[in-house]
Amino acid sequence: MAVVDTGYTSRRHLWRRVRIVAGVVLCALFLFPVFWMVLSSFKMPKDIFTTPPVLFFEPTLETYRSYMSRADITRRMLNTVIVAFGSGALSIVAGTMAGYALARVRLRGAGTIGVLILMSRGVPPIALAVPMFLVARKLGLTDKHITLILAYCTFLIPYVMWLMRAFFQSLPRELEEAAMLDGCGRFGAFFKIIVPISIPGILSTLIFSVILAWEELLFALVLTNRNASTIPVAIAGIAGDTVNGANWGALTAVGTLTVVPVVIFALAVQKWLITGLSEGATKG
Amino acid sequence: MAVTDHSEGARQARTRSGRDWSDLVSRWSFMLPAAIILAAVLAYPILYTFQISFASLDLATFTATEWVGFENYREILGDRGFWNSMKVTGIYLAWALPIQMILGFGIAYLINVEWKGRSAVRALFLIPMVVAPVVAGGIWRMMLDPLWGMVNWFLGLLGLGNPDWLGDPNLAMATIVIIDTWRWTPFVILIATAALMALPKDVFEAADIDGANWWTKLWSITIPLLVPIIAATFVVRWLGAVKMFDIVLASTRGGPGDATNVVNLYIYEQAFRSLRFAESAAMAVVVLVLTMILTGLFLIGTRRLERSY
């Protein structure tokens, strides 16, 4: 019996090791394109356009230098920061309050509102982009940060409402009951008790919203052209530039500049992001 | 709250209804900021799209001028490009969604082993999904280049030829599906991993005692328990995938020909390049209604599945 047993367990051990190795290999495979982009951004054109592709080369910051000095990239970077954080902040305030209302304040019609939020996530952005462009054009609001910030609220606020609703539902009810007994009104209880203890949840939702706004392309393409234009628009321009041929140096450098801050952000709050993601999926 | 006297009671009832009213206001004021913003930037534009779709648009003032009834809809009914873009979107969805679901849950199941590096691997899987889709389209376009791309160099080493990823219509669609799958499978893996880790351990222990093999455990315990989450993940992926735009714009720009011209890109080009705003509003309405119907059906289906498992 003992012999059979060890055979069984050693087979299990082997299988376990195979699964671990598979996980690492698959993870590396999924990370490879990002690695390749970052690597290529430090290459001279002669190292980019070679066969076989080179892994070791003399790294240079030339591409970054030539692109960062071009005013529109720096300005677009700044615009992207303003718009992403502006829309993130606005949505987190409005969405957290509304999420709290849906979770805790008994409202007639809260169920209907919940279904409406879910449905709103299915609205194709192009159905909003066309009328927004026409209205912004009429009101003279094209190419302004505030226009883009408001446009991003269309998908960020429902998202924040949904995530924060789930978050508030998981908090013990006694908290605000105690606060109300202490003479805090509903607002007092929310801002003095609920918000402070919800900071981790609020922060991770905020970061996720900033990331979503950071990457947005369609509204930025439609509603801006120079002053408020963002980095994704620049990347779409570089990638789609068929006249000058493939400008891979610029693509990888600007791509790296776009991706690296977001990756740092995401890894910093990864624990919350992963929970938030699964919450958003299973309860959304 | 003891009421002693009739007139006193009436007065109290009045103030109480006054308090009820202010209570109602304080309840709803939590919804107010979100409601105002969403009414202005979400509800109003949707209504405006409906209005434009029944009107003709004056390009000098960018306002809807004349009510034309179903004229725009008749127009797009005969628009081959529009129907092609619907078909292309359907093909993309029919490939991408099942592939991502199967790969995501399959990989999560395969690598669901407890070990030191597990949480690090899980964190690293976050990275592809926070790469901006437009960047994803760009890098993959570079890697898949037939002349200088590293993918074809690698395929050449294996003697697998030199496929023209972006030039061949069928392969271009495959390319879009590959890029989208690269970006979104990690999302499915993360959710599936969280779900697998939350499965009740005692059921599996009981099955072990009964001598069930892993195949039986997979099919009669794991998958049935996961069905609600599989369904919910599918709905989330569906809601994201119907918005497909950035990756196509950055990698194939709808080409070659119209082979990867998904409906969002087609409407975008019709509106902002050909300035056919009224027709594109009609197309947007068609897409909106179809998406809403399908989303509603998927949600109902999800509820059913949740109840029956």
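**Note on a two-chain predicted model**

1. Start with a loop. B:L275 sits in the loop between α13 (263-272) and α14 (277-308) of chain B. Helices here are DSSP runs of H or I with at least four residues, strands are runs of E with at least two, and both are numbered from the N terminus. B:L275 is not a glycine, yet its phi is positive, about 55 degrees. B:L275 counts as partly exposed because it has 13 C-beta neighbours inside 10 Å. The cut-offs are these: a residue is buried with 20 or more other C-beta atoms within 10 Å of its own, exposed with 12 or fewer, and partly exposed in between, with C-beta atoms placed from the backbone.

2. A word on the source. This is a predicted model, in which local features need pLDDT of at least 70 and side-chain atom pairs count only at pLDDT 80 or more, while totals for chains, interfaces and linings use all residues. Residues are numbered from 1 along each chain as its sequence is written, and chains are lettered from A and ligands numbered from 1 in the order in which they are written.

3. Chain A has a loop residue of this kind too. A:D143 lies in the loop between α6 (125-139) and α7 of chain A. Its phi is near 65 degrees, positive in a residue other than glycine. Most residues other than glycine have a negative phi. A:D143 is partly exposed, since 15 other C-beta atoms lie within 10 Å.

4. Next, the make-up of chain A. It has 14 helices and 0 strands. Of its 284 residues, 44% count as buried. The C-alpha atoms fill a box of roughly 85 × 70 × 30 Å along the principal axes. The radius of gyration of chain A is 24 Å, whereas a compact globule of 284 residues would have one near 19 Å. That radius is taken over C-alpha atoms, and the globule rule is 2.2 Å times the number of residues to the power 0.38.

5. Chain B has 14 helices and 2 strands. Its radius of gyration is 27 Å, well over the 19 Å that the globule rule gives for 309 residues, so chain B is more spread out than a compact globule. Its C-alpha trace spans about 100 × 75 × 30 Å along the principal axes. Buried residues make up 37% of the 309 residues.

6. The domain assignment of chain B gives domain 1 (1-30) and domain 2 (80-308). These bounds come from an automatic or database assignment. The C-alpha centres of the two domains lie 55 Å apart.

7. Look at the strands of chain B. Strand β1 (residues 55-58) and strand β2 (residues 63-67) pair in the antiparallel sense over 4 bridges. Pairing requires that DSSP finds at least two bridges between the strands. B:S56 stands opposite B:E66 in β2(B). The strands form a hairpin with 4 residues between them, and B:F62 in the turn has a positive phi of about 55 degrees.

8. How many residues does each chain bring to the contact? Chain B gives 81 residues and chain A gives 82 residues. Two residues are in contact if their C-beta atoms, placed from the backbone, lie within 7 Å. On the side of chain B that touches chain A, helix α2 (residues 32-53) of chain B gives the most, with 11 residues. That side has 64 nonpolar, 10 polar and 7 charged residues. Nonpolar means Ala, Val, Leu, Ile, Met, Phe, Trp, Tyr, Cys and Pro; charged means Asp, Glu, Lys and Arg; the others, Gly among them, are polar.

9. The largest nonpolar core has 157 residues, and those with the most contacts inside it are A:V130, A:Y152, A:I235 and B:A284. Such a core is a set of buried Ala, Val, Leu, Ile, Met, Phe, Trp, Tyr and Cys residues joined through C-beta atoms within 7 Å. Helix α7 (residues 145-169) of chain A gives the most to this core, with 17 residues. Leaving aside neighbours within four places in sequence, A:V130 is in contact with B:T49, B:A271, B:F277, B:S280, B:A281 and B:A284.

10. Helix α12 (residues 231-239) of chain A is mostly covered, with 8 of its 9 residues buried. Among them are A:I231, A:V233 and A:I235.

11. Is A:E176 buried or exposed? A:E176 counts as buried because it has 22 C-beta neighbours inside 10 Å. Its place is in helix α8 (residues 174-181) of chain A. A:E176 touches A:R104, A:A189, A:I193 and A:I194, not counting residues up to four places away in sequence. A:E176 and A:R104 are 72 residues apart in sequence and 9.5 Å apart in space, C-alpha to C-alpha.
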